[in-house]
Structure formats: structure tokens, C-alpha cells
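Dear colleague,

Please find the structure we discussed directly below.

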Amino acid sequence: MASDHPELYPPEKRSPREKYEDFKVRHDSFIRETKYSIYLFRKSLLSLFGFGVILAVVIIAFLAPFIAPYHPNYTNVNGQNQEFWPPQTTGTLQPPSGNHWFGTDFGGRDMYSMVLYGAGKALYVGILVVAPAALIGVFLGAIAGYFGRVSGEVIMRVTDVFLSIPSLVLAMVVVAALGPSITHITYAMIITWWPWYTRLVYGQVLSIREKQYIEASRSVGAGPGRILYKHVIKNSLSPVIVQATSDFGYVVLAAAALGWLGLGAPRDTAEWGIMISQNQSYFSQAWWTVVFPGLAIVFTVLGFNLLGDGIRDVLDPKLRR
Amino acid sequence: MPEEEVLLRVEDLKTYFHTYEGVVKALEGINIDVRRGETMGLVGETGCGKSVSALTVMGLIPIPPGKVESGHILLGEPSSVRAFRLEYDEKFKGSPKDREKEIDSLRKKLDSLKEGQQSEDAKDIGERLAALTYTYDLLTKSPEELNEIRGDRISMIFQEPMTALNPAYTIGDQVGETIELHQMEKLADDVLKQLDLETKALVQKKLANKKVRAIDTRTGLPTSDLNSTHTAKKDVCSLCGTVVRTGWNACTGCGVRFSSGVVPIPIRRAFQRIALSYYTRLKENRYNTWAYLVRSNPISVRMERRLSLAKLIRAEEALREVKIAEPSRIVRSYPFELSGGMRQRAMIAMMMACKPDLLIADEPTTALDVTVEAQILSLMKEMQRARDMSILLITHDLGVIAETCHRVAVMYAGYIVELSTTEEIFAQPMHPYTHALLRSIPKIGPKYINDRKKPLYVIPGVVPNLLKPPSGCRFHPRCERALEKCSKEVPSLVELAPGHFVSCHNPVPMTKGGSP
């Protein structure tokens, strides 16, 4: 009977070892699955590399204020910090040295500090774009796919309209209208990004709603809301996770592109795209001003892509068994 | 033959599918009645409308393209209501306005009756109203009402246990879903019982604790003989003296929970008061807004955990009832970890968790091998006997029918062509289609050893495309006994022998003890 079931009265005052043993027995399936997932992920060196790079980027983003030797917006003139704008004429475009590992840019700012601070900006834009876009996409896609008919048609045609406009152009229009700022970049990119998720989830839901377990769930009396939330969305989420991970990289790239076009953050922001754009005319004299932020972009995008591949290996049911 | 209690009565059910190419007439007015505690078999070739009938009864036909054109699916209709219904149907044929007038007048009559008075009258009017408005008809129910019925009173087992379980959830989650949907009250009650004991202990400040005593392990009684090999030091409840299993924090004897001493008693009491009111509300009304808000609030996870534990425990019980090995492990495992037979058992547990009146089994054993098939069938039989449940068993395997069913309905292209007891069908098939079906079973055994070189009997042709069904009797193009009349007139279902209904112009003549 339920009244004397050991789980309603979980044993108290057990040693950690006992607790661990109990957990191991009861959650055997979960543990085995997780172990297998980790094994699948570790099998591929590239995804491990991607994971390492992303881990490093995240750590740098959080620790930038502590590990950066200079403030990103201050110039260093004769050993004294000055506000960056207007640009100084001394101490600019110094090659990499012990004082400035990545050299200084045209305004005399320390490139190393700027690249470190740029990681935070990139991740910030990535999260603020990918998470809302995925949320909107999953929500609309699931509704369009599951309920179909008029709502599906309307949602998917609107999606098609958004997809038919080149995303960078659309983003440029939005940023130009709202004015340059990091927040406005994220708005612009959410608008260009959600249709991809909608379409992805729509396709998933179309196949999942015909599955027999959906019918079985209906036959025990589950309503459409419950089925959609519990059964359909949960099963259609794995490609979204994979897509979102690689999209993180593309968002960083797109944000850099917008920044390079002068439509991104304000000019004194330590953002990789803006750094390249501001320094590109000095490329022939000072290669370091462009190469280091460029490398940062390349590694971050590559890292996210490899991580996405690794997650796909883990989540793909065909590869699993 | 005395009229037994009919649980499900399907009357003149027509289901059409309106597709681009035309109207697919999947069901053409079928009549089935399933009695309480009976197994009704539904046989036929693929595409005869067996599954469509099951899905129509469940209300799971995709609309559009599907549409139920006419008919009634009556679940648990009392015979008195049925009599009224037949009477009214006859009376108001083709005059729906009169019918509505009658409903209005009866409603007024019912309103004029005072409560508690003339209960016989009220009952009579209630039955008449139920008959007029088809209260027992599943086709008149709204989707929400159907959701209440599905899983609780009717359940369905699917053919493929591999695909009918959601790969993303554990077995316990899925079996528990049925319970959560229909028996929230019971779950809340389970939790309340526990809370009650705990609160009592808290209110009386009788927080028991464990004491170490010397116990004789053979008798479980306290002993003073400390030197015996059977004496062990065990934890004993300080309130009732029951020996507590090592590691438990509650007494199995009096149910008191031992104090951990970390959280102060007033705070624990406050928590329990909140939990108590929450579960009481949930027990009274599972749609309670307050309870819903609490449930959807992440802060109340502590309470929800009790509920989900109770759910898991109920699921474990349901799994134990279907005789799965190690139910406590299976509740936490995922469908892919189980074999086909185990999955089908889990499926049955999911569908039986709320003790439905009617179980629809759509080819439950087709995907299983023979030994597992036998186990599953005997399990279904056993559960049926224990719960007085009816089963509508859909299969194309006549062996399964012979093994389990009390009565059989043979379907062909949207019609019921023969309906009788299992013994009669096998001993004396009257419809040529049934006859042919029985002839086409491969025979095994030493008696037939000389027949093995002979080709197996097959019914010539295939089941017709229901977009353009043959005229008259739909079986006539394939029938050996077809007459000229057969291509013109649709035969009606006639009782040729007691309890033996056949729809054929030229039935196979009765022979004495003749089996095909």
C-alpha cells in the first residue's frame, strides 16, 4: 500500500554513501543515459575542442574586469589613463609588447583588454538573441504544427515573409530605424532569427503529432494543451537545442558584421566587429588591430559550431542506438 | 435468453472520410453491443473498418476528413432509458421541432417539482429527458467531456507497444499521467493521509524518536538475553514500540514521522497547514484555481513533490497489477529499455490504471511473439475477471478470438456480416466470408500432414476500395455463393439461429457438427 511505501517516508539521517547508493539504484536509467551521453560527446575530439573554447570564452567573459590589465575605453598615454574619446595621438598603434600583449589600436587603447571585454558583449548579444528567438519560434511553430488549419497557415506564411528578406538587410533596416545600440541589435536579430526556429519546430511537430503515443495520450483523456506542452514540445526540442548552439556562433558573427557596418553598438564599445571596423584603415601598418579581434570571432563561432555538432551526436536518436 | 446488462451499444454507426478523391464509406451502419464483463471480438481482413470503429467509439477519428454521419454510441445506458429513447425516436421521426417542444415541456415539469418530493416522478422525467437528449450518447459529448471519459471509463490498447509509449518520459510518468488526469482526488487523498499523521504528531508535540533496543530477530520482540546470536540492536519507535527498518524516518506501526530536529516545530506546523489546505482543495476540486496557481508556482515544488511521489507509487501499484517484474525499477526506466512484452504490459497498466469499464484492444498482440502473446492475453483475461470489465478485442488472428472471446462480430468492408458466440462462429459459420476466413487458416497437426503439399486456401481478390464499393452485398465479387440478387440488394443482419446474426442472401446451410 501507498501508506507504508519507503519513498513517502524517505529514510532520514543516512550517510552520504547510503544516500548515493539509494540514488544510484532508483535513478539507474537516468545515470546510465547520462553516462552514455557523456561518452558519445567525448568520443569526438572536435566537440571536446569546441566545448573547451566555449568554456574559455564564458570564463573570460565573466572574469574580464579582473584579468584585463587596462580599462577597454581608456587610452594609455605615457603611463597615465585618459578617457578614450577624443582619440589621442600618442601611444597609438603600438605593436604587441610586454605592456600591451595585443598592441594598441588607433586611439591608443589596449587591444588585449578590449578583446577580453568583447567576449562578454558577444555572449550577451548571443543569449539575448537566441533565447527569445528560440522561445518565440518554438511557441509559434508548435501551435502552427499541432493545430494546423488557419492558425498554421497564417503563422507559416508570416514566417515565409520574414524568411524571404535577407536577414542582414532586415536587421540593418531595424537598427537604422532604432539607432545604434547593443539592445537594438538584439531586437533586430530576434526579428530576423525567430522564423528559422518556427520552421524547424513546425516540421518536427508535424511528424510528432502523428505518432502513436500522442494518440495513446489522447485515449487516456489528455487535452490538447497538455499533449502539446508535455508530449509534442518535449520531443521536438532536441534539434532546436542543436540549432540554438550553432546559432550562438552565427549571432556573434552577425553582430560583428552589423558592428563592422557601423550599425552596432556605439563607437566606444569594446565589441569585436566595431574594433575591426574602426581599425581596418590601419591594417597595412598595424595588423594586430584587426587580426586579434578577428581571431576571437573565428574561435568563438567555430567553438559554438563544434559544440553544436557534439550536442547533435548526443541527441540524435539514430546515432544513439 | 435473458437480457444481460449492455455496457456499450453501437447503433447504426456510419463513419465517412471526405477525401479529395471522394467519400470513403468506412463504416456503413454497424450495430454492436458489448455486455458487461464480456469479451467481444471484432475480426476481418485489413481495411474492413475494425480500427475505424474502435477509434470512432473513442472519439479519436480525425475530423476532418473523418465525419460520423449518423448513429449512436451509448455507454452504460440503462434499459429503461433505452425503452424511452426507442419510443421517442419512433414518435418524433422527421419532426425535430416537436422533439424540442417535448424537451422544453419536460424541463418545465422537472423544474416545477420540489426537491425531495415525488422522486419517482422526477426519476421518470429524468430518464425521459436523458432519452430525448441522448445523454448516454458519446457522440453528443463535448471534447472536454470526452477527455473525462477517455482513460477513466473507456481505454484503448494500441497495436505497437514500441511506438505507443513516449520515448521522452519514464514509464512511471506515463502510467501516472492517466492517474493524474482522472484520479487527482485519490492522489491528493494519499498525500492527505500522510499529512494527517504528521500533523497529529506535530500538534500533540508527540514527536516520536527512535530508540535502540535489543531485539530477538526471530520473534521481533524485545529480549534481555544480550548474548544470544539471535539478539540484535534495532531501532524501535518510542511511541508504539514497533521495530523500525534501518534508515526509515517513520514508524510503520503508528505512522508517526520521526523528528529530524533541524526545522523548528512552529515552522513545520505552518508548512503543514499550507500543504493540508492545498491538498484538501485539490481533493475537493482538481480544477480549483487556487490549487492550480499553487501548482504552477515554482515555490510550491515541495508540495508537488509529495504529489508526484504519490503518483509514482500509484503507477508502481498499477505496474504490479500487470505482473511486471521489478515494478519499482520499471517506473523509473524509459520505454526503450523494456522488451516488447514488457512495454505492452506497461501500456496495459497505463490504460487500466483507472479501472475502466470498457477496454478496447486494437490488435494488442500482433507485434508480439507467440509466448508473450499468450501471457498478455491471459493477463487481460485475468484482469477482466477481477474487475468485471468488458473488452472489445480487435484482431485478425482467429486463434486469439477462439482463445479469449465470448462473442465475435465479423466485419467486411464497413459492414458487420456475422455476429454470434465464438462457439457458433467456429462450429457453424453461416456467412460465406466467415466460412472462407476459417478455411484459410493454415492447419497444423498430424492429421493434416498429407495436406502440406496442397496450396493454402485464399479468398480470391482483395478487400474493395471503399471509395467505390461494389453494389449490393460488398462481398459478392469475391463470394463463391453469390447470387444475382447479391449485386443489387444489400442484405440486412438477420437472426438465423438464436443469437446468431448473419447478413447474407445465400448463407452457408447448417450442417450437423460440420466444421469447414
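The notes below set out what was found.

This is a predicted model, in which local features need pLDDT of at least 70 and side-chain atom pairs count only at pLDDT 80 or more, while totals for chains, interfaces and linings use all residues. Residues are numbered from 1 along each chain as its sequence is written, and chains are lettered from A and ligands numbered from 1 in the order in which they are written.

Chain B

The secondary structure of chain B comprises 16 helices and 14 strands (DSSP runs numbered from the N terminus, with H or I over at least four residues for helices and E over at least two for strands). Of the 516 residues in chain B, 38% are buried, a residue being buried if 20 or more other C-beta atoms, placed from the backbone, lie within 10 Å of its own.

Eight strands of chain B make up an open sheet of mixed pairing, in the order β5-β9-β10-β3-β11-β12-β14-β13; two strands pair if DSSP finds at least two bridges between them. Because β5 (154-157) and β13 (494-497) of chain B stand at the edges with a single partner strand each, one side of each has no neighbour in the sheet. From one strand to the next, the twist averages 25 degrees.

The pairing of β5(B) with β9(B) (residues 358-362) is parallel and runs over four bridges, with M156(B) opposite I360(B). Helix α1(B) (residues 50-58) packs on the sheet, touching β3, β5, β9, β10 and β11 of chain B, and its direction makes about 145 degrees with that of β9(B). Here a contact requires C-beta atoms, placed from the backbone, within 7 Å, and angles run from 0 to 180 degrees between the N-to-C directions of axes fitted to C-alpha atoms. Helix α12(B) (residues 340-352) lies across β5 and β9 of chain B, at about 170 degrees to β5(B).

Chain A

Helix α7(A) (residues 182-208) has 27 residues and spans 38 Å from its first C-alpha to its last, close to the expected 39 Å (1.5 Å times one less than its number of residues). Of these 27 residues, 19 are buried. α7(A) bends by about 30 degrees at I191(A), and P195(A) follows within four residues; the bend is the angle between axes fitted to the seven residues ending there and the seven starting there.

The axes of α10(A) (residues 237-260) and α11(A) (residues 272-279) come within 7 Å and cross at roughly 35 degrees. Among the residues that meet are W260(A) in α10(A) and W272(A) in α11(A).

Yours sincerely

Note on methods. A residue is buried if 20 or more other C-beta atoms lie within 10 Å of its own, exposed if 12 or fewer, and partly exposed in between; C-beta atoms are placed from the backbone. Two residues are in contact if their C-beta atoms, placed from the backbone, lie within 7 Å.
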